[in-house]
Amino acid sequence: MSVLNKTVKVDAANKYIYFMKLDDEPLANKAIMIGLQGQTSGTNTRQLQTIQTKTLDLKIAGSVNQQRTVLVYFQPGDGIWDKLYHAWKDQVVIHLFRLDLNEISGDKPNRQVPYEYSQCIIATLPQTETLNGVYQSSVQFEVQGIAQTGTTTEDQYEENAFDLGEKLYDALQPNAVGDSNAKQTDTH
């Protein structure tokens, strides 16, 4: 089939989910979900050098510079902001995992997805902005070296991480919402 006759396949941007684990955490800790791909998803640039000769300029591509922007969301008490602040303040390496949940394969609990892994630092940590009680911040992670791609399995991430990522935009049934510890009852 020619390229002209193929259907355009679109990936849902909201299914690119970022997870992190700090370099000073115990090995047994799982990576935790921190947010969605930011509006400026990431840059892959090279330093450019120009050598001027008598007749023309020569351009040479230099070192690689990568950056990932994540729309980090968190709630009071979940510890995400504290971890980010600790990493920023104490210059702790953040292991950043960008999972493509558009491409989940396999059966639970052994599902896998393609991912991009990078070791990052945070140079700038913006203050949070509140939106209806959920805090969010667009954080730029500066990649050390070059990001690598591969495949990862759900057992490496916090419990139900793949399901939570899949359900961000799903419809729920009435018996699937609420708080199991709530004391309030129907008053109708």
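Rings of Phe, Tyr and Trp (its six-membered ring) count as a pair if their centres lie within 6.5 Å. The exercises below apply this to a predicted model.

**Exercise 1.** Which residues form one aromatic cluster?

Solution. The cluster consists of Phe19, Phe97, Tyr115, Tyr117, Tyr157 and Phe162.

**Exercise 2.** How many aromatic pairs does a search of the whole structure find, and how is the pair of Tyr85 and Trp88 classified?

Solution. The search of the whole structure gives seven aromatic pairs. For Tyr85 and Trp88, the centres are 5.5 Å apart and the planes make an angle of 45°. Planes under 30 degrees apart would be stacked and over 60 edge-to-face, so the rest are tilted; the Tyr85 and Trp88 pair is tilted. Both residues lie in helix H1 (residues 80–90), three residues apart, about one turn of the helix. Tyr85 counts as partly exposed because its relative accessibility is 39%, and Trp88 counts as partly exposed at 34%.

**Exercise 3.** Classify the pair of Tyr157 and Phe162; are Tyr157 and Phe162 buried or exposed?

Solution. The centre-to-centre distance of Tyr157 and Phe162 is 6.1 Å, with 35° between the planes, and the pair is tilted. Buried means under 20% relative accessible area. Tyr157, at 4%, is therefore buried, and Phe162, at 0%, is buried.

**Exercise 4.** Which residues form a nonpolar patch on the surface, and where is Ile60 found?

Solution. The patch is formed by Ile51, Leu56, Leu58 and Ile60, with about 320 Å² of accessible area together. Ile60 is found in strand S3 (residues 57–74). Its relative accessibility is 34%, so Ile60 counts as partly exposed.

Key: Residues numbered from 1 in each chain as written. Predicted model: local features only at pLDDT ≥ 70, side-chain atom pairs only at ≥ 80, totals over all residues. Heavy atoms only, no water. Patch = residues over 30% accessible without salt bridge, like charges linked within 9 Å, V, L, I, M, F, W, Y side chains within 5 Å. Areas by Shrake-Rupley, 256 points an atom, 1.4 Å probe, with all protein chains shown as cover. Salt bridge = Lys/Arg side-chain N within 4 Å of Asp/Glu carboxyl O. Helix = DSSP H or I, 4+ residues; strand = E, 2+ residues; numbered from the N terminus. Buried < 20%, exposed > 50% of the residue type's maximum accessible area, 1.4 Å probe, protein only.
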